Structure formats: structure tokens, C-alpha cells
Amino acid sequence: MTIYTRRTLTALLYALLAAVFLALIPHQASAASVTISNGSSWTDTAGNEIQARSGNILKVGSTYYWYGEHAVSGTFDSVNVYTSTDLKNWTFSNAILTKNSATELNSSKIERPKVIYNASTGMYVLWAHYENGTDYSLGRVAVATSSTPNGNFTYQGSFRPLNYESRDMTVFADTNGSAYLVTASRKNGGANDTMAIFQLNASYTNVSSFVGWIFENGYREAPAVVKKNNTYYLFTSQASGWYPNQGAYATASSMTGTWSALSPFGDPAAYATQIENIMTVSGSSTTSYIYMADRWNPLNLSDHKYIWLPLTLNDTSASATLNWYSSWNIDAVTGTVTLPSLVNHATGKTATASSTAASSSAANALDGNAQSSWAASSSTWPAWWLVDFGAPKTVTEVDISWFLYKGSEGYHKYKIEISNDGVNYAAIDRTTNTAYGFTTDKVHFTARYVRINLVNAVLFNNPSNWYTPTLYEVRLFGPSTADATGYSKFASYNFPTYFIRHSNYTLRVDPNVSPALDSQFRVVPGLANASSVSLESINFPGYFIMKNASNQIVLAQFDGTTAFNQDATFNLVAGWADSSKVSFQSYSAPTYYIRHYNYVLRAEVINTSSTATVKSDATFTRTNY
């Protein structure tokens with residue numbers, strides 16, 4: 001038998017009470033900030049491509065449900081739902097509606113599906129745009145219901161709301177329990193000429209009344225509604241088929257209006273997207289809003305990307321702001337959005353151009369306003385626009401908002417030209433581009449000058465290019481501190497007057513290098529490992545010394561691949577022949593080192609048993625500038 005003292009019993013009692021008290025305190029789930037990466041293909045947790053186009057997201061408990069449509073060869077296959085707790089890792093849950101769910105779905109189009117929850121009935125209600133499998137002549141909505149967010153939905157049929165045409169649409173459930181259908185409709189004789197708002201019935205399975213017309217003769221589609229405090233925001237795109245265009249929004253204090261005039265958001269191509277939904281992330285620390293969009297490739301509709309961007313809603317000014325980020329972070333628990341630390345080096349710098357139209361300054365393309373533009377003085381091609389940083393800056397992303405005229409959509413063929421002296425330029429050739437309206441190029445260079453060479457534009461419906469060379473905005477992102485602003489030269493240990501240089505993209509050692517820039521390199525943090533180094537050419541910015549598959553040492557243009565980054569990274573180690581000098585150890589093949597043989601550089605296996613000549617050939621004297 002154990003005998004407890006009064007002190008021991010008291011201590012046990014306090015411990016028990018503390019445990020009970022802690023158990024009663026609600027615990028916040030662990031915060032987990034995840035990275036949203038735009039422009040790449042998104043896959044689910046099984047590694048399959050996510051098939052959820054033009055849908056929306058509901059949160060039930062701590063789980064997010066992402067609904068969207070999957071089509072095969074342009075006809076409906078299924079409405080799918082994926083689940084996640086962090087907004088990054090999505091698991092396929094169910095095909096909640098399929099072409100076999102009802103006879104009229106066998107050959108049909110189901111587009112822009114949206115699911116809302118009816119708290120009074122406990123039912124999840126799916127609305128979508130319905131058409132037959134061959135054209136867009138029906139202009140109907142389709143409705144289906146389920147008692148669970150990811151169950152098999154029961155198809156209720158398709159119809160025209162109050163006999164009005166309905167095409168691109170959304171549904172919105174307000175905080176007071178009322179719900180609305182917002183849809184592209186027909187008022188004055190043209191398909192999609194005017195949008196309409198209807199109030200839904202109590203079960204959300206039909207419409208009960210026509211609220212009114214908005215944006216008359218505006219030819220708007222792709223509506224999305226979000227409410228912040230007492231302000232309603234209605235986002236739409238123009239009707240231009242699969243081509244991107246200028247998105248716009250209106251605001252109101254009630255879903256029944258009056259709605260404000262449309263204001264543009266983003267850039268003239270909405271960053272090459274079409275809006276599908278605005279997601280509200282209500283976290284423990286803050287509420288954030290996410291612009292969910294589709295990026296369609298009009299030349300190949302199967303080449304589709306999801307684009308998610310943080311959206312800023314300002315109730316004081318009733319305004320919305322959307323900026324482009326290739327990647328950014330969100331914590332689904334706290335709701336906190338974290339933006340990348342890169343800076344736009346073009347902001348506030350000096351811009352010039354080959355010519356300038358009246359009231360169209362070259363500075364307009366770097367003023368941070370994607371609604372203003374630089375335009376050349378004539379429609380003569382090619383043309384160029386240039387920014388001078390004033391000092392070397394490291395750039396890792398080039399974003400360009402291009403001229404895009406609704407109805408005459410065109411893509412641009414261009415080159416990104418880079419220089420340190422304003423005379424000699426290296427070029428990143430993008431004349432194979434077929435992206436409309438907005439382009440993002442992953443790059444890596446350190447230079448003072450960046451020139452955008454507008455080579456040509458290819459118009460969809462007019463082979464004779466009538467565009468005037470125009471840029472709305474050029475953003476040149478990179479770290480706030482340059483990788484390196486000076487340069488180094490490397491002399492051969494056993495031929496001290498011979499320097500490493502590039503000649504026709506081959507690396508060798510030569511005396512009396514001409515031009516001298518061929519022997520000058522920026523020693524920058526390694527592309528694959530910041531503790532190592534990479535060597536960037538001074539007169540070919542964006543070109544790096546690398547080991548190729550044949551173990552040759554060459555100068556090659558950065559391509560952003562993991563393999564390139566590794567092959568262009570070296571460990572700068574004590575020289576094999578003299579520890580006060582340096583040798584270059586390959587990062588991707590650590591037993592290999594750079595050496596010169598018959599004046600040409602190559603990568604070879606070098607170790608302690610290698611000859612003195614080989615060790616000397618792999619040793620260099622570094623001179624810093």
C-alpha cells in the first residue's frame with residue numbers, strides 16, 4: 001500500500017486540475033504555410049492531373065472541397081471534387097456528376113459548375129451551364145443535389161431560368177440565406193449581350209424571381225461574386241471565346257443593386273486568365289481572398305493551367321487589386337498570405353524606346369500601372385523598348401503585359417536582350433512564343449540594361465499584322481541585392497599569362513584575350529547550391545559555364561532546369577597544385593574537376609594519384625574585380 005503525504009496529494013490535485021483546464025482550451029491546428037505555384041500543371045496526391053476547371057471551393061469543417069468540370073474532346077465527362085486541408089495538397093474524392101448520371105448528360109456540355117450549401121435544407125446544390133454536345137444553342141442551367149459535399153449528386157434537370165437564356169454563370173449564397181444566379185444572357189438580340197441576376201427559391205434548386213439586367217450590351221461572361229463586410233464585388237470577363245481579355249468588376253451594397261460602373265483589374269489580359277471563382281479563406285488571424293482562374297491555350301484547349309492569385313479588396317474605396325505572382329504562400333489555418341521577397345528592378349528606372357507615339361512615354365511600361373502603355377510612333381516592326389537600371393541587377397523573372405485587342409487577338413514574338421555596357425547584348429530568343437496577352441519568363445542574369453525587342457505579332461484573324469508595337473507593363477523581378485556586381489578572371493596555374501575565356505561557347509585558356517570581356521565572369525551563388533558558385537559571362541549575361549554530357553566545359557544559356565543548375569554549379573576548392581589557388585569541382589559529378597588540355601577546358605576525374613601536370617592543369621589563379 002502506498003502512503004501519500006498531504007503535500008503529495010495537493011500536488012497531484014493541482015496537476016489533475018491543470019490537465020483538465022488545458023483540455024478545455026480549444027487548440028488551434030498547426031499553421032502550415034504552403035506555396036502556390038502558377039503556370040505549371042497541378043497534380044493531386046496520387047500524381048494525376050487535377051481535373052476541376054471553372055469550378056469553386058467550399059469549406060466544410062476544416063476541409064476544403066474543390067469542385068470543377070472535366071471534359072473529353074469538348075464534351076462533358078464529369079464534375080469532380082477534390083479535398084484538402086491546406087489548399088496545396090488535393091486528394092481526388094469523387095466524380096459527383098457524370099455523363100451517365102442522366103440521359104441528357106450523355107452528350108452534353110457542363111461548364112462552370114458551382115456548388116453552394118443550403119443551411120435550411122441541409123443540401124448541397126450544384127448549378128452549371130448546360131448545352132448539348134455539339135453547339136451553344138440551348139443556353140440553359142443544370143441543377144443537381146446531394147446531402148453530402150462529396151456524394152453522388154442527383155440530377156434535377158436543365159432549363160432556362162424563367163425562360164431567359166443562360167450561359168456562363170455563377171451562384172452566390174448570401175449570409176442572410178438568400179441566394180442568386182448571375183448569368184450571361186440575351187436582352188437585345190445578341191448572345192451574352194447583357195448579364196442577368198435572378199433570386200433562387202428557398203431550396204436553391206430553381207429561380208424564384210428576375211432581379212434585373214446589368215452591364216447592358218457589355219458582352220460580359222464568367223461572373224464571380226464575393227462579399228466583404230457590406231460590399232458585394234462582381235467580377236466578369238469580356239466575351240472573347242477562349243482568348244484572354246481585360247477583366248473588370250463592379251460593386252454594390254446589395255445583390256439587387258445598384259451596381260457601379262465596371263473597373264478593370266489586373267492587366268489587359270487578366271494575366272492571361274479567365275476568372276472562375278473568388279475563394280474566401282477565413283483564418284484564425286485574418287481573412288484572405290483568392291482569385292481562382294483558368295488559363296486557356298486557344299491553340300490547344302487541353303493545355304490548361306490553374307492560376308490562383310491573392311486578391312486585395314478595399315471596402316473604403318470599394319476597389320479590387322490583383323497583381324501577378326509566379327509563386328506565393330498561404331496558411332489555410334491562419335488565413336495569412338505571404339508574398340515573395342523579389343523586387344521589381346524596373347520600377348522608377350529610366351526607359352527609352354526605338355520611337356514613341358504622342359502621349360505614350362516609354363516610362364509608361366514601368367510605372368506600375370498596367371492600364372497605361374508605351375506605343376511606338378508607327379506600326380513598323382521590329383521595335384524595341386529598353387530600361388537602364390543604372391547598375392547591375394540580378395533578374396530571375398521577366399513578366400510582360402502585351403497589347404491585346406478584343407476580337408483581333410494576337411501573340412507576340414520577341415527577344416529579351418541583356419547587356420552590361422549598352423553596346424553588346426545577349427539575347428533570350430522568344431520568337432517561338434504563342435502565349436496571348438501576358439508572358440512570364442524564368443531567367444537568371446545580372447546586368448545593367450534590359451531591352452525588349454518586339455520582333456512581330458501574329459494575329460488570329462488577320463495575317464497582315466496591323467498592331468502598333470505596344471507594351472503595357474514590363475516587370476523585371478529579382479532579389480534586392482545583386483548576385484555580384486564585379487567580375488573575376490582566372491589565370492592558368494602553369495600558363496600564368498593564359499586566362500579562362502569563352503570562344504564560340506567553348507571554354508579554353510588563351511593569352512591576350514580579345515575582346516577582354518570574354519575572360520570576365522561574375523562569381524555568383526551556385527544555381528543549384530548557394531554554398532557553391534556559378535560563373536556568369538559578363539558580355540553574355542544569363543550564360544553560365546557548365547559541364548555538358550560529354551564532359552566538355554561550355555558556355556550555355558540558363559534554362560531553369562534542375563539538370564542545368566547542377567551542371568552549372570561548382571565547388572570552389574583549394575587548388576590541386578597550390579592550395580593558395582583554386583580548383584573547380586563539379587557539383588553534379590564531384591569526382592570531376594575543370595582542367596585545360598591543349599588549351600581547351602574539360603571535366604576530368606582528378607584525385608591524389610593524378611599526375612603533377614594534371615593537377616597543375618586543374619589549378620587557377622583568381623583575380624577579383
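Where is the place of asparagine 217? Asparagine 217 sits in the loop between strand S13 (207-214) and strand S14 (220-228). Strands (E, at least two residues) are DSSP runs, numbered from the N terminus. The structure is a predicted model, in which local features need pLDDT of at least 70, side-chain atom pairs count only at pLDDT 80 or more, and totals for chains, interfaces and linings use all residues. Residues are numbered from 1 along each chain as its sequence is written, and side-chain values use heavy atoms, with hydrogens and water left out.

Backbone geometry was examined next. Most residues other than glycine have a negative phi, and most peptide bonds are trans. Asparagine 217 is not a glycine, yet its phi is positive, at about 60°. Its relative accessible area is 45%, so asparagine 217 is partly exposed. That term covers values between buried (under 20% relative accessible area) and exposed (over 50%), with a 1.4 Å probe and protein chains only. Leucine 162 also is not a glycine and has a positive phi, of about 50°. Leucine 162 lies in the loop between strand S9 (154-159) and strand S10 (169-173). Leucine 162 counts as partly exposed because its relative accessibility is 44%.

Two cis peptide bonds can be described. One joins glycine 257 and threonine 258, with omega about 10°. Threonine 258 is placed in the loop between strand S16 (248-252) and strand S17 (263-264). Another cis bond runs from tryptophan 381 to proline 382, with omega near -5°. Proline 382 belongs to the loop between strand S26 (374-375) and strand S27 (383-402).

Glutamate 536 lies in strand S36 (residues 533-537). Glutamate 536 is buried but has no salt bridge. A salt bridge requires a side-chain nitrogen of Lys or Arg within 4 Å of a carboxyl oxygen of Asp or Glu. Arginine 522, the nearest side chain of opposite charge, is 4.7 Å away. Here Lys and Arg count as positive and Asp and Glu as negative, while His and the chain ends are not counted. The side chain of glutamate 536 does reach the backbone nitrogen of glycine 542, at 2.8 Å. Residues in contact with glutamate 536 (heavy atoms within 4.5 Å) include His444, Gln520, Arg522 and Tyr543, with residues up to four places away in sequence not counted.

Aromatic rings were then considered. A pair of aromatic rings is described by the distance of the centres and the angle of the planes. Rings of Phe, Tyr and Trp (its six-membered ring) pair if their centres lie within 6.5 Å; planes under 30 degrees apart count as stacked, over 60 as edge-to-face and the rest as tilted. The whole structure holds 44 aromatic pairs. Tryptophan 402 and tyrosine 414 form a tilted pair, 4.9 Å centre to centre with 50° between the planes. Tyrosine 487 and tyrosine 625 are stacked, at 4.9 Å centre to centre and 15° between the planes. Tyrosine 487 is in the loop between strand S31 (470-478) and strand S32 (488-492) and tyrosine 625 is in the segment after strand S43 (620-624), so the pair ties together parts 138 residues apart in sequence. Ring pairs also link Trp42, Trp66, Tyr82, Trp90, Phe92, Tyr306 and Trp308 into a cluster.

Note on methods
Helices (H or I, at least four residues) and strands (E, at least two) are DSSP runs, numbered from the N terminus. A polar contact is a pair of N or O atoms within 3.5 Å; within protein, one must be able to donate a hydrogen and the other to accept it, and residues adjacent in sequence count only if both atoms are side-chain atoms.
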